[in-house]
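Please consider the following notes alongside the sequence and the coordinates.

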Amino acid sequence: MSKAFASQADLADKKITFEQLSAHCWAYTAEGDPNSGVIIGDKFVMVSDATATPSMARDLIQRIRQVSDKPIKYVLLTHYHAVRVLGASAFVAEGATEVIASQGTQELIVERGKEDMQSEMDRFPRLFRNAEEIPGLTWPTLVIGGGNPNIGEVPGKLTVDLGGVKVQIWSPGNGHTRGDTIAWVEEEKVLFSGDLVEYNAGVYTGDAHLQEWPATLAALRALKAEAIVPGRGEAMKGNAAVNQALDYTQRWVETLYRCAREAAEQNMDLKAAMAHTRKSMDPIFGQVFIYEHCLPFDVSRAYDEARGMKVPRVWTAERDKEMWASLQA
């Protein structure tokens, strides 16, 4: 029997946790669903990743209001994917004036934001309940320019003072997407990584730069964080636990890409590449949240990159289903 497409069969609500990690930093997590981070200063609040819909964002706002009445001024888009950005209008309605993103993220919104929006709505029906409230694509109001440090360029960096706490924002290198952006509270050693880091959940690589990703993880490891809010999975506390999340993500990325290279060298087709990859990935990761959702998209991108396709192809709702059907046939 063929598997339900992507996460269309995943309709059960998840338990949400809103926990304090340090004096100013909070994690909003939900059993493997996309996470958000919150940094609460004496003057302003920043939210890292805006959730999938205004309805979901209002739940996060309600939880913030239980611990702070400070204005939510800043929203950081760690990357362009719809499940991370389309709730931003609720924060704007709450008074947010700055939606921050990297130059790479803005470029991806221009290139493929519309296609990604429809694609992800079809993949994640539970996350996009009440999608009719979404006014359209989310556009940054403040763009951080600069280059990719993995190839010797100097990234742009923004430091935001929330009052009593400063947040450093920059792109440490390509990985999950081109233009992935982090928030780093150096004084409290808390890292908000977006989907550059996951833990005990599927690592989505459909838009990834797999060869560059390990170097970007090394840059994050060098920060010596004492807490991390990963893109999916529980917040990790203590440097050993942070490294555990980094190790998990690196193992996924490197195992996936090694299998794709082997498949390309042996001139396998995509379906054979998928079967080959499962032999290595299933025993390690087969039971984690959204594994079966992620793997077909991951193998497709890894196989493309292993055959020399540096720029990820655009995923559309039509391409999603064609790829899925071809691997199920």
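This is a predicted model: local features need pLDDT of at least 70, side-chain atom pairs count only at pLDDT 80 or more; totals for chains, interfaces and linings use all residues.

In which helix is the place of Thr249? Residues are numbered from 1 along each chain as its sequence is written, and side-chain values use heavy atoms, with hydrogens and water left out.

1. Thr249 belongs to helix α6 (residues 239–265); helices are DSSP runs of H or I of at least four residues, strands runs of E of at least two, numbered from the N terminus. Thr249 counts as buried because its relative accessibility is 0% (buried: under 20% relative accessible area; exposed: over 50%; partly exposed: in between; 1.4 Å probe, protein chains only). Leaving aside residues up to four places away in sequence, Thr249 touches Leu196, Val197, Glu198, Val203, Trp213 and Leu217 (contact: heavy atoms within 4.5 Å).

2. In helix α5 (residues 213–221), the buried residues are Trp213, Pro214, Thr216, Leu217 and Leu220. They lie on the same side of α5, because they cover an arc of only 155° around the axis (taken from the directions from the helix axis to the C-beta atoms). Their cover includes β10 (182–185), β11 (190–194) and α6.

3. There are eleven aromatic pairs in the structure (rings of Phe, Tyr and Trp, the last by its six-membered ring, with centres within 6.5 Å; planes under 30 degrees apart are stacked, over 60 edge-to-face, the rest tilted). Phe18 and Tyr28 pair edge-to-face, at 6.5 Å centre to centre and 70° between the planes. Phe18 lies in strand β1 (residues 17–20) and Tyr28 in strand β2 (residues 25–30), so the pair ties together parts ten residues apart in sequence.
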